[in-house]
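Q: I have not looked at this one before. Can you take me through it?

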Amino acid sequence: MSENPILRLENVTMQFGGVVAVNNLSLQVNPGEIVALIGPNGAGKTTAFNCITGVYQPTNGIVEFEGKPIVVAHPEGKMKKIYAGENAALYADRHSVNPTPDTITKLGIARTFQNIRLWKSMTVFENVLTAKHMLAKQNVFSATLRLARAEDRQMAEETEALLAEQDLLKYRDDLATSLPYGLQRRLEIARALATKPKLLLLDEPAAGMNPQETQELGEFVVQIKEKYGLSILLIEHHMDFVMNFSDRIYAIDFGKLICDGTPDVVSNDQRVIDAYLGVSEDE
Amino acid sequence: MEALLPYIINGVSAGGQYALIAIGYTLVYGILRLINFAHGDVFMVAGLVMVYTTSSMPLYVSIPIVLICTVVLGFAIERVAYKPLRSAPRMSLMISAIGVSYLIQNLAFYITGGLPKPVLNPIPWVSETITILGATTKRVTLVTPVLTILLVFVLVYFIKNTKIGMGMRAASRDFETARLMGVKINTVISFTFIVGSFLAAVGSILYFTNYPSVAITSGSLPGLRAFIAAVFGGIGSIPGAVVGAFIIGLCEEMIKGLGYSTFSDAFTFALLIIVLCVKPTGLFGEKVTDKV
Amino acid sequence: MINKYSVRKESIVGIALLLILLAVMTVIDFFLPSYHIAVMVIKKASVYALVAVSMNLLNGFTGLFSLGQAGFMLLGAYTYAIFSIPVAKRAGVYQYFDGGWIQFSIPEFFSEFLGETIGLNMGIILTLILGGLVAAFFAYLIGLPVLRLKSDYLAIATLGFAEILRAFFQWPNLGPLTNGSNLLKSYPDFKSATGYVVLIGIFIAMIVLLVNSTYGRAFKAIRDDEIAAEAMGINLAKHKRLAFIISSFFAGIGGGMLAMYMGTLQALSFKSTMTYEILLVVVMGGIGSITGSVITSFMYIASMEWLLRGLDSGTFLGIHAPGVFKNGFRMAVVSLIIMVVVLFFSKGIMGDREFSVKGIVKFFDRLFGKKTPKNAGGDGNV
């Protein structure tokens, strides 16, 4: 594997009370790769995303982005006693780093959500434009007094370009939530791209789509990856999507990594098949 | 210590009264996640009804009337102002509560003519002056904490051992699931308001026996203090509300005793803010997390 | 092309409307005595408009349910009064505190340099802004602990802070500054209602510009979905604090102007009831609509102070019924109307829409401009 991954998780464990949702997960995404994270429902995939993006502070482990640690954690306080994961002592002497989600986005990691989270009072255009806010250099005074017109214009132009690319320009002034489901998903991707990320995390981008839409989405994901020089980590249940479009796959079950490798390797792995289909007792 | 003794006695008594109001807040918040801003005004209305009825009727008629009126008012508020907003955002519910509080105060102003109503015929026996350990006070000061504890025990027993009490506990744990599991949620909520109002009425009778008059704003401050007591004890928890109420009642009277009357309310609010920032779940509350 | 044309048309109509408003104000100021009820209503309503809009910025646009408005108004009001009472009158006002600690007056200082008219008014405006800054500073301090709290806890904590502030301002030990629980008075006021309308118009325009800027969109993003906002790189703590400070700044200015309007100032008037009143004005106008807040402020104050007066004093709409129309009936009716709005028209009169020049232009275009053959004849008749 590559020496310089863009994202690397090392022994990440997330424990809620007594429940270990993600257990000692290590994975990496190399520049320019599309990596899929698969697993049955409740396997801890979205929790892993939340640990990367700062929504949750993991209980233990390290997340590195472009070689720099962005999240460092070890069991603290009450968790010290009830910690049920592995490698508890590994990071005990390291200073824990617990950034808020916005700092992580500013580093260059953007995401979409499993249950679409568009801003419901805003139009399609405003949804994408608002995501550009974090890149704006104007302060609240120059913004109020309209002193940064050049920047405002540039933000609006970039937004329109993103909408055009997603074929959403004709819905520009419609309420985001009035769009059909599939288009809302694309809008969420456009909104994530507006933050100019290096790494894009997609949480079930093809959920609720038919096979043709799924195929189109896959092609589109490859296309934006090339165009913006992105790396992509995605969660997906559509196996044809995962097999066709991802370079590598990590399969997890009950929070633990059970298998990783190319689509061919993973799809033939007995543990993965068992995890998805279930193993009967007498076998 | 000698000088502080009357304040301690008063503090325990005030604590008992706050506890009776605080339970109403804590029960409602536990189920609806609503700060029932109108609860303090329900308390005030009970006081007004008491003033009006005790001056013209014998005690055994007037006290039941006070209790019934207050319970009906609490029930009506829920049905009219909160039930239609069951699926609305929490902010609308809170605004509705503030609106109800505003309405009750203004209606009370209109009916009473805006002047504080003097408590002319306080309930005999409990309003008699007695002397304990050299401190002079009314008998109600001693009756209050005892009656409070008694009522709390009855309530806790009731919630633990009856079907509707079980419904209340289920609804406060998970409103939606309770509804799906066949708990008659509207009955449970109405019942919660009835219990809360009943206790507030008892609290009101005790409270205003100790005061010279009932004004239309008489309910706001005891109401807020009781709410703070509920938060302090951990909102949703009955023992929490009672303990919180006694602590706040005592602290307030002690501060008055030390000569800082101006700050007795400021202290209560400061306590609230500290609790919210350090341990928002209060003394006995449970933690709730949002799902992403 | 059409776009450019309509933008120009909009700005012409907008400027025309502003000029008409100014002309009306000048006429009112010129012909009506300053104690006339219309003048009083305009003054008070514009103050309420500013305070309501500032509350809307926080509760409506950022989704932070704060009930500290009265506290920040109190700060602005006291700052204004304390720094603008003429030195000669301080001995009288602070009679129990040896004339107080502060022995200068900002408006007086400016009128010495720049003359009675310009200097005094400039001094008044600067002192009002100082009041806003004091409120903003306190908002910064209060915001550090409380802005992390969620909806109703935030409401109750801000309410608590407002009450604490009120207690402090009544504390006798601060008497030489605040006059304790006694009145502050004799501070200068604008000579005309136009002063109120113009100044408040400018402040509200600034809030409108802010709401429509990239920061305003970030606030709305936080209101709509905090988690998505954070994931899109919007720093929650920073933006909530910003909205809280800006809202309090304008509430402080509004408080100063309310003190100016009332003529005397007492901490007791800034109770939580005042916050509730303003909140209900915001709700009736529509949470998230600035024009809604402004229109409702004017309607509310006009009905309370003027149109519905009869409900309290025996005769209303020609009906003489002193038994029903007695003291307090007006408030009871108003609060009943408020409850009806809250329960049945929860979007208020404007929802989250705005009343805009663009809308007016469109309306009149539809009425006169876009002549279809059908109604062309009708136009000829007019």
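A: One term to begin with: two strands pair if DSSP finds at least two bridges between them. Helices (H or I, at least four residues) and strands (E, at least two) are DSSP runs, numbered from the N terminus. By that rule, strand 4 (residues 60-65) and strand 5 of chain A pair in the antiparallel sense over five bridges.

Q: Which residue stands opposite A:Val63 in strand 5 of chain A?
A: That is A:Val71.

Q: What is this model based on, and how is it numbered?
A: This is a predicted model, where local features need pLDDT of at least 70, side-chain atom pairs count only at pLDDT 80 or more, and totals for chains, interfaces and linings use all residues. Residues are numbered from 1 along each chain as its sequence is written, while chains are lettered from A and ligands numbered from 1 in the order in which they are written.

Q: How many helices and strands does chain A have?
A: Chain A has eleven helices and ten strands.

Q: Back to the sheet. In what order do the four strands come?
A: The order is 2-1-4-5 in chain A, in an open sheet with antiparallel pairing. Strand 2 (19-29) and strand 5 (68-73) of chain A are at the edges with a single partner strand each, so one side of each has no neighbour in the sheet.

Q: Is strand 2 of chain A buried or exposed, then?
A: Eight of its eleven residues are buried, so strand 2 of chain A is largely enclosed by the rest of the structure. Buried means that 20 or more other C-beta atoms, placed from the backbone, lie within 10 Å of the residue's own. Across the 283 residues of chain A, 44% count as buried.

Q: How many bridges join strand 1 and strand 2 of chain A?
A: Seven, in the antiparallel sense. One of the bridge partners in strand 2 of chain A is A:Gln28, which goes with A:Arg8. The hairpin of these two strands of chain A has two residues between the strands, and A:Gly17 there takes a positive phi near 55°.

Definitions and conventions: Buried ≥ 20, exposed ≤ 12 C-beta atoms within 10 Å, placed from the backbone.
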